[in-house]
Amino acid sequence: MAFEWFKRKAQNITTSTDEKKDVPKGLWHQTPSGKVVEHDELKRNNYVSPEDGFHVRIGSAEFFDILFDEGKFTELDANVESIDILNFKDTKPYADRLKEVRAKTKLTDSIRNAVGTVKGTEMVVSCMDFAFIGGSLGSVMGEKIKRAIDYCIEKKLPYMIICQSGGARMQEATYSLMQLAKVQAKLAQLSEAGLLYIAYLCDPTFGGITASFAMTADIIMAEPKALIGFAGPRVIRETIGRDLPEGFQTSEFLQEKGFVDFIVKRTEIRDTVAKTVNLLASKA
């Protein structure tokens, strides 16, 4: 005779997914080295793992909260959005892709402009969002940077761009490439006005952005171990037919070669930017 240790009242599991008591998503974060960090601890440390120093990729909302005093800022040009100029279609229409990524990220495009104070010094910061089509450079990014620079010139404020991008947006073709010249022309005006421009390069910074305004700042800072380059290492290796040096395209490698001025941990970025602005803006 078999003992009934338990008796199933229903034939199938009836608990819905929403009712399950699993650990909430995002409560823990695992770094590439395998270190596991509690999300709240990670946030308190500016999204840098205290275990191994790994810089978790973050967006404009987090960067603005880190940089600006008490996280307070005024967003500029928030309603500028991309349109499907070319009626472009790859695996899906560009218009549909834009609609989907806006719904998913709650962003209007791949960069946001904000003005606020950093340790008491007012400045404008443009920050790219990699979550929006890889932080790609399109007509809106070029236009928003142009407007941010115009605001800086009008108000006589220093300017900073936080770069994290895979390069130009292929769905806008030549329109995206035209933004490189447009931004450089505006940065020349910023320089003529005697105003400081800082670039902060995050992982990854690639393509036309690296080939232009990411590398033409008065001061170029970069996060530790950020990947920075124009083409990917595989393409370069196949082109030159040689193995690449160890650490190639990391921020440390580029600093050694003179392309990056400072490696700045995200936990130190607010203090470093404030000191840089106070030292150099006053000399302009």
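Predicted model: local features only at pLDDT ≥ 70, side-chain atom pairs only at ≥ 80, totals over all residues.
1. **How the two helices lie.** Start with helix α4, residues 139–155, and helix α5, residues 173–192. They pack at an angle of about 5 degrees. Their axes are 9 Å apart. Angles under 35 degrees count as roughly parallel, so α4 is roughly parallel to α5.

2. **Who makes the contact.** On the α4 side, the contact is made by Ser 139, Gly 142, Glu 143, Ile 145, Lys 146, Ile 149, Asp 150, Cys 152 and Ile 153. On the α5 side, the residues are Gln 179, Lys 182, Val 183, Lys 186, Leu 187, Gln 189 and Leu 190. Find them on the structure and trace both sides.

3. **What kind of residues these are.**

4. **A closer look at Glu 143.** This residue sits in helix α4. Which residues does Glu 143 touch, not counting those up to four places away in sequence? They are Gln 179 and Lys 182. Both belong to the α5 side of the helix contact.

5. **Polar contacts of Glu 143.** The side chain of Glu 143 makes a polar contact with the side chain of Lys 182, at 2.6 Å. The Glu 143 side chain also makes a polar contact with the side chain of Arg 147, at 2.8 Å.

6. **The largest pocket.** Now turn to the empty space. Rolling a probe the size of a water molecule over the atoms shows where such space is left. The largest pocket holds about 410 Å³. It is lined by 16 residues. Closest to its centre are Arg 57, Ile 58, Gly 59, Glu 62 and Ala 131.

7. **What lines the largest pocket.** Two helices, α1 (39–44) and α2 (60–67), each supply at least two residues of this lining. Which element gives the most? That is α2, with three residues. By class, the lining has eight nonpolar, four polar and four charged residues.

8. **The second largest pocket.** Its volume is about 260 Å³. The lining has 17 residues. Those closest to the centre are Gly 53, Phe 54, His 55, Pro 224 and Lys 225. The lining of this second largest pocket divides into seven nonpolar, four polar and six charged residues.

Conventions. Residues numbered from 1 in each chain as written. Heavy atoms only, no water. Axes fitted to C-alpha atoms, helices over the stretch in contact; angles between N-to-C directions. Helix = DSSP H or I, 4+ residues; strand = E, 2+ residues; numbered from the N terminus. Parallel < 35°, antiparallel > 145°, perpendicular 65-115°, else oblique. Contact = heavy atoms within 4.5 Å. 1 Å grid on protein atoms, 1.4 Å probe; cavity = no way out; pocket = protein on both sides within 12 Å on 5 of 7 lines; lining within 4 Å. Points joined across faces, edges and corners; volume = space filled by probe spheres on them. Nonpolar A, V, L, I, M, F, W, Y, C, P; charged D, E, K, R; others polar. Polar contact = N/O pair within 3.5 Å; in protein donor to acceptor, adjacent residues only side chain to side chain.
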